[in-house]
Amino acid sequence: MKKRYERNMNALTAEENARLSGFRVCVVGCGGLGGYVIEFLGRLGVGHITAVDGDAFEESNLNRQLLSDEGSLGENKAEAAAKRMKDVNSNVTVSAVKKYVTDENCESILRGHHIAIDALDNVKTRRLLENTAQKLEIPLVHGAIAGWFGQVCVIMPGFPVFDKLYLGSTEPGMENELGNLPFTAAATASVQAAEATKVLLGKGSALSGKLLALDLMSQDYEVFELATQSV
Amino acid sequence: MAAYDKNDKCPICGGRHIYSEAAVRTNCMFCGELFYTNLTCENGHYVCDDCHLERGLAEITSICMSSRKKEAISLGYELMMNKWVKTHGSEHSFLVAATLLTTYKNRGYGTEAVTRNFSKLLEEAKNRTMKIPANSCSYWGCAGEAIGSGVFASLILKATHMSAGELRFANAITAGVLEQVAACGGPRCSKRETLIAILETSRFTEEHWRMPLTGFQGALCEFFNRNPDCTGDNCPFYPVPES
Ligand SMILES: [Zn+2]
Ligand SMILES: [Zn+2]
């Protein structure tokens, strides 16, 4: 066992830690949530991470996006994730997919991964991701933030949830703009990384089919059952 | 969690619903309790599930108490058009029973006691239909609207004292409705099930007691735009598009 994983021990067994290096995780979105999730999973020792994002850093990202700094404005976010992980943990391969997820490419990007992370910022693409993950039977760890609020849900094959969360509005949705705060992103990404790790190691997720709502203003953390069928 | 139905407008201001990426803490406009929701109206209104249902049931009751309508389909439409009645939901079981009871009374079929005790009759119909479990259609294999017809039948047959023969009628009405609901297949639709329940109950009461509750043999749905799961041409009430 590498010394760098010494402090993973007891929380994980040496055998579990070794198994992590064999897993492939697809992180879709490398902004506020995705940057932290990649950092956490890479430091933990997940062997292969595919970082997906077609966007480049801009100044307004600096308040919360770990992978951005004043020198990286204009740089592709997925590329920045790969670059940073080389410095953080060179045992981990990060493949950068410098594209937005679309109807055409989603399936080929996701295929072959053990788990996917929803670190996106819009409902339309989240739905596409859920549909594709369901089709490929890949667990999906959903995370979203809005102002002081965050939410996480583990979406296992056969149990889609977005219809319950955002409903199936046929009109293009209007979003309630609540801003994005750095600690909300980090807290939510932490929960996502923890749940992804447990699913990968076969420990089961406490948030499978359930929604954790994080409220960093009132410090209320509530878990809701998401019914598997609507009325 | 989210208390709004797909494509329903805000019942308070008629505004559209907007989503927030993560569930936010919001007060219910009625009971004031705090809830987490991903959807509020564009003006910030939020009504929790329980309050929404309660208000819907109250609207149905008050319309039926004052209605003079003798046409069950027309009254059913009036109730379904009410902004507190969702596109789909458990209020439809009561809506069916209330529509049938009101038309039955307004057509003068009932005894004087039916008219005198009408508010108690509606209250009893509400209590009984609200005991139907949510999702009874998919989880229990029995559409709540069909039980709404059964509640109507059992109430007018004075269920508590009915003879074995009369009990047969109440079950036969429910069975007739369920048979047609089953024949439609497809994702559940409270509007379709409601129209089936009203039409089939009227067909039955006409056949057995010469007491029709509507003159219509069919109906044209005006709600399909609100229902993304509408089965279109496979629904008997889907309006034929103009050619
Ligand atoms: Zn409103
Ligand atoms: Zn309420």
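Q: How many Å separate the centres of domain 1 and domain 2 of chain B?
A: This is a predicted model, where local features need pLDDT of at least 70 and side-chain atom pairs count only at pLDDT 80 or more, while totals for chains, interfaces and linings use all residues. Residues are numbered from 1 along each chain as its sequence is written, with chains lettered from A and ligands numbered from 1 in the order in which they are written. Chain B is divided into domain 1 (1-47) and domain 2 (50-229), with bounds from an automatic or database domain assignment. Taken over C-alpha atoms, the separation of their centres is 29 Å.

Q: How far apart are the end C-alpha atoms of helix H7 of chain B?
A: Helices here are DSSP runs (H or I, at least four residues), and strands likewise (E, at least two), numbered from the N terminus. The expected span is 1.5 Å times one less than the number of residues, so the 13 residues of H7(B) (residues 144-156) should span 18 Å. The model agrees, with an end-to-end separation of 19 Å.

Q: How many residues of H7(B) are buried?
A: Buried takes 20 or more other C-beta atoms within 10 Å of a residue's own, exposed 12 or fewer, and partly exposed lies in between, with C-beta atoms placed from the backbone. H7(B) is mostly covered, and its buried count is 13 of 13.

Q: Which residue in E4(A) stands opposite Cys26(A)?
A: Strands pair if DSSP finds at least two bridges between them, and four bridges join E1 (residues 24-28) to E4 (residues 115-118), which run parallel in chain A. Both belong to an open sheet of eight strands with the order E3-E2-E1-E4-E5-E6-E8-E9 (chain A). Opposite Cys26(A) stands Ala116(A).
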